[in-house]
Amino acid sequence: MEMADRKPQNTEASGQKTIADFDPPKAAKTKKFAVACAILASMTSILLGYDIGVMSGASLFIKENLKITDVQVEVLNGTLNLYSLIGSALAGRTSDWIGRRYTIVLSGAIFFAGALLMGFAPNYAFLMFGRFIAGVGVGYALMIAPVYTAEISPASFRGFLTSFPEVFVNVGILLGYVSNYALAKLPIHLNWRIMLGIGAVPSLFLAVGVLAMPESPRWLVMQGRLGDARKVLNKTSSTHEEAELRLDEIKEAAGIPKESNEDIVQVSKKSKGEGVWKDLFLRPTPAVRHILIVGVGIHFFQQASGIDSVVLYSPRIFEKAGITSYNDKLLATVAVGVVKTIFILVATFMLDKFGRRPLLLTSVGGMIFSLLLLGVGLTVVDHSHSKVQWAIALCIAMVMSNVAFFSIGLGPITWVYSSEIYPLQLRAQGCAMGVAMNRLMSGVISMTFLSLYKAITIGGAFFLYAGTSSIAFMFFYTMLPETQGRSLEDMELLFGKYHKWRQANAMLKKKEAAEKSQSA
């Protein structure tokens, strides 16, 4: 039986309790505190979202003002993702070293410097240097926000809270689109600089706000600071008993005896992040190998579906579909941002209710349908000498449909799933590998889209993305176990059997039923 569905046992007879016994939403203050922490940590994702959104319009003005080519525009748009590889690769070890909270502060400070440099850029080379600095900050933010949120959240609403980073990416994209539309009428040498420079403002406030958050209890346990971890768990658990039960599970995962109740205990070097790469790549257990394939694979397919092409180049797509004025293109792009944000908000409330798999498979299925019809619409427009109104309408509708389906599943679940499946000691570096793959593919997609559609037509590009999404559907269907309601310390038991994961789930249910009958 799923953890979230467990019924309270007869505690008078058995004296035994499980985390699920303490899950009912009695303690509103506790839930509000966990939600506040998740919101603050996840708001770092606004930085990436704003950059993606604002560059979709700013690049039109940068091209005209700095007299650069389409290839230089591709490089400008895509390199931030490649630069963020550096940040995400460093973030795993950094967060094990200085803690999750100070890593979030560091990401905000780095992005602040990058945004200022971009805002004051006198030429293309200086602008690219600013992109490099901002990209490193984005890499740090992307990796650390989901990890912190997953580690501080109770199992009962972890899916809801861990989807927040993707929510704020979408809020950032929408803000970027609105900024494009609002500042487009300024002089061309000024508008794009203000669009990019404004990104420095939220990063400064976020870096300061995060200092009010507690440290991740799981990181504190890895440092042997059990007293501090207990205080944080008491604030994010419904009762003192639930906090102690969560602490015992974390101690067990970190290799600390359950009976150790001192405020400070000695821990192994591995708990401080040493030897992790060997356990991930050189001698992984079957479960860890499966987790790594799934954790990196879901990030690969999220970006290989071509979502960044739709979001980053939506003004170009609308231009190809027959919308010609700057104003109309940017307004249609704002509509894309609104649809994306609305559907991601819907998804946050569905994750813990319906589970990860149903939403993910529905999402990818809808994207395949939307991408195919978008390809058809763009092909018709491309081969027509006059405006074909139904094809233009189909293109606009399918762009909206594609981002909507992405936002109810593949968008948020990629971050939720990859941050909750890794064992505690491998989590930071494991998540960093997923983010690195995500940024690499995002860079490849955004740096090749303009060249791709010139080579195989714009319709052909979206047929290609539909084919990739079909492969993604088969991968998700066969390889991803359902993780809804499981504690983070339970996850490793679900993996290792690959496409036979349902057997592992059945074994877990049998084990839980046996434990329940013994204690009854």
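Q: How are helix α19 and helix α20 oriented, roughly parallel or roughly antiparallel?
A: This is a predicted model, and in it the axes of α19 (residues 356-382) and α20 (residues 389-408) come within 8 Å and cross at roughly 160°. Angles over 145 degrees count as roughly antiparallel. Therefore the arrangement of α19 relative to α20 is roughly antiparallel.

Q: Is the crossing of α19 and α20 left-handed or right-handed?
A: Two packed helices are described by the angle between their axes and the distance between them. For α19 and α20 those are roughly 160° and within 8 Å. The hand of the crossing, where α19 passes α20, is left-handed.

Q: How many nonpolar residues does the contact of α19 with α20 have?
A: Sorting this contact by class gives seven polar residues and no charged ones. The nonpolar residues in the contact of α19 with α20 number 18.

Q: What is the orientation of α6 to α22?
A: The axes of α6 (residues 124-152) and α22 (residues 427-456) come within 9 Å, crossing at roughly 135°. The crossing is right-handed. Angles over 145 degrees would count as roughly antiparallel, and 65 to 115 as roughly perpendicular. The angle of roughly 135° therefore makes α6 to α22 oblique.

Q: How far apart in sequence are the parts that the pair of F301 and F475 ties together?
A: The whole structure holds eight aromatic pairs. In the pair of F301 and F475, the ring centres are 5.4 Å apart and the planes lie at 45°, so this pair is tilted. F301 belongs to helix α15 and F475 to helix α23 (residues 458-479), so the parts tied together are separated in sequence by 174 residues.

Q: Which helices each supply at least two residues of the lining of the largest cavity?
A: The search finds six cavities of 30 Å³ or more, and the largest has a volume of about 140 Å³. Among its 15 lining residues, I52, E166, V169, Q303 and D308 are the closest to its centre. By class, the lining has nine nonpolar, two polar and four charged residues. The helices that each supply at least two are α3 (45-66), α8 (164-183), α15 (286-304) and α16 (307-312).

Technical notes
Residues are numbered from 1 along each chain as its sequence is written. This is a predicted model: local features need pLDDT of at least 70, side-chain atom pairs count only at pLDDT 80 or more; totals for chains, interfaces and linings use all residues. Side-chain values use heavy atoms; hydrogens and water are left out. On a 1 Å grid over the protein atoms alone, a cavity is a set of points where a 1.4 Å probe fits but cannot get out, and a pocket is an open set with protein on both sides within 12 Å along at least five of seven lines; lining residues have an atom within 4 Å of a point. Grid points are joined across faces, edges and corners, and a volume is the space filled by probe spheres set on the points. Helices (H or I, at least four residues) and strands (E, at least two) are DSSP runs, numbered from the N terminus. Ala, Val, Leu, Ile, Met, Phe, Trp, Tyr, Cys and Pro count as nonpolar, Asp, Glu, Lys and Arg as charged, and the others, Gly among them, as polar. Axes are lines fitted to C-alpha atoms, for helices over the stretch in contact, and angles run from 0 to 180 degrees between N-to-C directions. Angles under 35 degrees count as roughly parallel, over 145 as roughly antiparallel, 65 to 115 as roughly perpendicular and the rest as oblique. A crossing is left-handed if the near helix is turned anticlockwise from the far one by less than a right angle, and right-handed if clockwise. Rings of Phe, Tyr and Trp (its six-membered ring) pair if their centres lie within 6.5 Å; planes under 30 degrees apart count as stacked, over 60 as edge-to-face and the rest as tilted.
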